[in-house]
Amino acid sequence: MDLLKVDYDKCIKCGICVEACPSCILSMGELGPECNFDRGCMSCGHCVAICPTAAMDNKYVPLEEQLPLPMPVLDAETAYNFLRMRRSVRMFKPHPPTESDVRKLLEVCRYAPTAGNSQGMYYIVISDKKKSELLLRLQHSGWNRKFQKEVLTADILLLY
């Protein structure tokens with residue numbers, strides 16, 4: 001079992017990682033947390049992120065990729081206003097996004113909440129105009145004409 005690595009010198013045996021594990025694959029051993037079933041891990045990274053001493057590491061969600069704590073937390077009013085200001089963009093720039101920008105977007109999408117933290121999302125990026133048009137024509141005709149025009153004029157489609 002090489003999924004989790006625990007730095008036992010840093011571990012204070014608080015058990016927070018065991019409690020936070022949504023897959024319930026961790027238990028508290030004599031030296032600290034132990035993984036009981038590697039293949040049951042959903043790679044959510046909770047155990048790594050919640051450890052107050054940075055003693056946990058997960059090969060799928062490495063400690064080195066975690067954001068340093070403490071990070072600024074939005075107060076309720078700022079979060080509310082941020083969500084209220086969200087808008088759907090349907091007018092596109094005349095040039096396609098760079099591959100780097102698309103990769104950044106996909107990286108952020110990985111962190112979207114999912115039912116049971118299953119992370120069972122798959123994304124298909126279509127940047128070929130002819131394939132996008134074909135895809136639109138294959139869809140059932142329930143979409144309104146304005147939306148069809150927007151899809152036909154987009155440089156890239158991100159499907160999920």
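What average pLDDT does the protein chain have? The chain of this predicted model averages 81, and 79% of the residues score at least 70; pLDDT is the predictor's confidence in each residue, from 0 to 100.

Residues are numbered from 1 along each chain as its sequence is written, and side-chain values use heavy atoms, without hydrogens and water. Local features need pLDDT of at least 70 and side-chain atom pairs pLDDT 80 or more, while totals for chains, interfaces and linings use all residues.

**View 1. Confidence by element.** The mean is lowest in helix 6 (residues 145–153), at 60, and highest in strand 2 (residues 26–28), at 94. Helices (H or I, at least four residues) and strands (E, at least two) are DSSP runs, numbered from the N terminus. Where pLDDT is low, the predicted coordinates should not be read in detail.

View 2. N58 is buried at 1% relative accessible area (buried: under 20%; exposed: over 50%; partly exposed: in between; 1.4 Å probe, protein chains only). A polar atom of the N58 side chain lies 2.8 Å from the backbone nitrogen of Y60. Beyond four places in sequence, N58 is in contact (heavy atoms within 4.5 Å) with L3, L4, C41, C47 and V48.

**View 3. Two residues with positive phi.** K13, in the loop between strand 1 and helix 1 (16–20), has phi near 55 degrees and is partly exposed at 41%. C24, in the loop between helix 1 and strand 2, also has phi near 55 degrees; C24 is exposed, at 63%. Most residues other than glycine have a negative phi.

Key:
A polar contact is a pair of N or O atoms within 3.5 Å; within protein, one must be able to donate a hydrogen and the other to accept it, and residues adjacent in sequence count only if both atoms are side-chain atoms.
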